[in-house]
Amino acid sequence: METSAARTETATRLARGAADWLVDRNPEDSSLYHGQAGIVLALQEAARHFDDDRYDRAVKARVAALVASIDSVEGSSLYFGLAGVAASLAALGEHEAANDALAQVRDRFDGHRWNSMFELLAGNAGIGLGALCAGDLDLAVTAVTPYLTTADQTPGGVNWQVRPTPPRSHHIAHGTLGIVYALAAVGHAAGRQDLIDLALAGAADVVSRNEAGASGFLVPHSDPPHRPELIERYSLGWCNGPAGDAQVFRLLARVTGDPAWVRLGDRCWQTVTESGLPRRIRPGFWDNHGRCCGTAGVLALACDRIVERGDDSTFADVLVDDLATHALVDESGVRWSNYEHRATPPDLEPSPGWAMGNAGILRELLRYARLTEGGSGEYAIPWPDHLATNH
């Protein structure tokens with residue numbers, strides 16, 4: 001068992017190695033999810049943390065590449081298209097280029113949506129958050145306004161058809177809570193109580209589906225089940241589980257001042273910490289180290305709670321130890337291989353991106369190291385759907 005100081009040193013060393021590995025990776029993908037828009041933000045975190053010119057140079061090169069890519073990015077979404085590129089560029093001070101990207105996003109709007117998806121990762125909700133992050137409140141409101149006229153009443157509140165098939169998804173990545181996050185964030189920024197009220201109705205629907213009793217929080221992926229042959233009924237991570245649900249409840253607590261949302265966040269955390277993760281209890285249970293659906297996304301919430309709820313670092317330590325155990329280390333740096341038990345071989349190629357790879361893990365390791373050294377719990381660069389901690 002490592003001491004606290006030794007674990008912090010390990011997290012810092014792994015983060016530096018992860019950044020070193022990223023410096024030599026240049027995917028053609030520009031997206032926030034897999035590509036350069038997310039990678040450049042992680043490298044900026046490393047540049048600020050380590051004060052290393054290598055990372056500064058890598059950031060400048062990737063910013064230039066992102067600016068040059070604007071006219072060739074086909075999608076408009078936050079995680080796979082121009083809204084994410086714009087949010088990344090704006091966060092790095094490239095406001096003119098970000099505005100150029102958002103102008104194209106605005107031109108592609110058909111008055112209702114941008115594509116067949118209608119949620120956070122690929123649809124209106126994420127575009128609203130990307131525009132808000134880039135400073136374009138008007139576009140942010142435009143993006144989320146269609147939710148006012150497309151909400152369907154449910155026994156518990158409201159939800160939306162987020163894809164052109166019957167299943168209704170419930171969580172942050174592709175479902176109701178992602179729309180709730182966008183409505184609440186944009187509504188709060190714009191002073192639009194109608195958007196906030198709709199967000200609360202959406203959240204009420206998801207809360208009504210809790211199956212973990214009064215002390216926990218666990219909601220199925222979707223109803224009726226979407227692709228049940230591939231997608232498990234219950235998840236624990238950021239994308240489709242209580243680690244992400246709690247992030248929405250953090251925002252609603254901030255916007256409304258209602259402590260009931262804080263209590264719901266606590267129930268999410270109890271479910272996460274009692275689930276057995278990050279142990280691989282059975283095939284398919286916990287096979288990912290990344291930010292979207294793996295260990296790094298849970299570490300993000302653990303660090304939020306250290307700052308806001310006064311938690312100790314016990315569970316965060318467990319997560320960091322697990323990342324250290326699974327790190328692949330050699331002369332090229334540090335990276336992680338996710339595991340797919342249905343594939344042969346099951347160990348997947350390491351990814352550089354935010355969602356499943358180094359960029360997302362790097363950001364969380366650096367934040368953990370700063371916190372456990374007594375420093376700030378803030379990131380150097382904000383993320384569109386992750387609320388800054390309230391000290």
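In which helix is D194 found? D194 is found in helix α10, residues 193-207, where helices are DSSP runs of H or I with at least four residues, numbered from the N terminus. The model is predicted: local features need pLDDT of at least 70 and side-chain atom pairs count only at pLDDT 80 or more, while totals for chains, interfaces and linings use all residues. Residues are numbered from 1 along each chain as its sequence is written, and side-chain values use heavy atoms, with hydrogens and water left out.

**Residue D194**

- D194 is partly exposed, with a relative accessible area of 33%; on this scale buried means under 20%, exposed over 50% and partly exposed in between, with a 1.4 Å probe and protein chains only.
- The C-alpha atoms of D194 and G35 are separated by 35 Å, and these residues are 159 apart along the chain.

**Helix pair α9 and α10**

- Helix α9 (residues 176-190) packs with α10 at an angle of about 155 degrees, their axes being 8 Å apart; axes are lines fitted to C-alpha atoms, for helices over the stretch in contact, and angles run from 0 to 180 degrees between N-to-C directions.
- That angle makes α9 roughly antiparallel to α10, given that angles under 35 degrees count as roughly parallel, over 145 as roughly antiparallel, 65 to 115 as roughly perpendicular and the rest as oblique.
- α9 passes α10 in a left-handed crossing, meaning that the near helix is turned anticlockwise from the far one by less than a right angle.
- In α9, the residues T176, L177, V180, L183, A184, V186, G187 and H188 meet L195, I196, L198, A199, G202, A203 and V206 of α10, contact being heavy atoms within 4.5 Å.
- The residues of this contact of α9 with α10 comprise eleven nonpolar, four polar and no charged; Ala, Val, Leu, Ile, Met, Phe, Trp, Tyr, Cys and Pro count as nonpolar, Asp, Glu, Lys and Arg as charged, and the others, Gly among them, as polar.

**Helix pair α2 and α3**

- Helix α2 (residues 36-50) and helix α3 (residues 53-69) pack at an angle of about 155 degrees, with axes 8 Å apart, and are therefore roughly antiparallel to each other.
- The crossing of α2 and α3 is left-handed.
- Among the residues in contact are I39, V40 and L43 in α2, and V59, R62 and V63 in α3.
- The contact of α2 with α3 divides into twelve nonpolar, two polar and two charged residues.

**Helix α4**

- Nine of the ten residues of helix α4 (residues 82-91) are buried, so α4 is largely enclosed by the rest of the structure.
- The buried residues of α4 pack against α2, α3, α5 (95-107) and α6 (124-133).
- G93 follows α4 and has a positive phi, near 90 degrees.

**Helix α12 and its partners**

- The axes of α12 (residues 259-273) and α13 (residues 295-308) come within 12 Å and cross at roughly 130 degrees; the two helices are therefore oblique to each other.
- G265, D266, W269 and V272 in α12 meet V298, L301, A302 and R305 in α13.
- The residues of the contact of α12 with α13 divide into five nonpolar, one polar and two charged.

**Aromatic rings**

- The count comes to 15 aromatic pairs, where rings of Phe, Tyr and Trp (its six-membered ring) pair if their centres lie within 6.5 Å, and planes under 30 degrees apart count as stacked, over 60 as edge-to-face and the rest as tilted.
- W269 and F315 form an edge-to-face pair, at 5.5 Å centre to centre and 85 degrees between the planes.
- W269 lies in α12 and F315 in helix α14 (residues 314-326), so the pair ties together parts 46 residues apart in sequence.
- Both W269 and F315 are buried.
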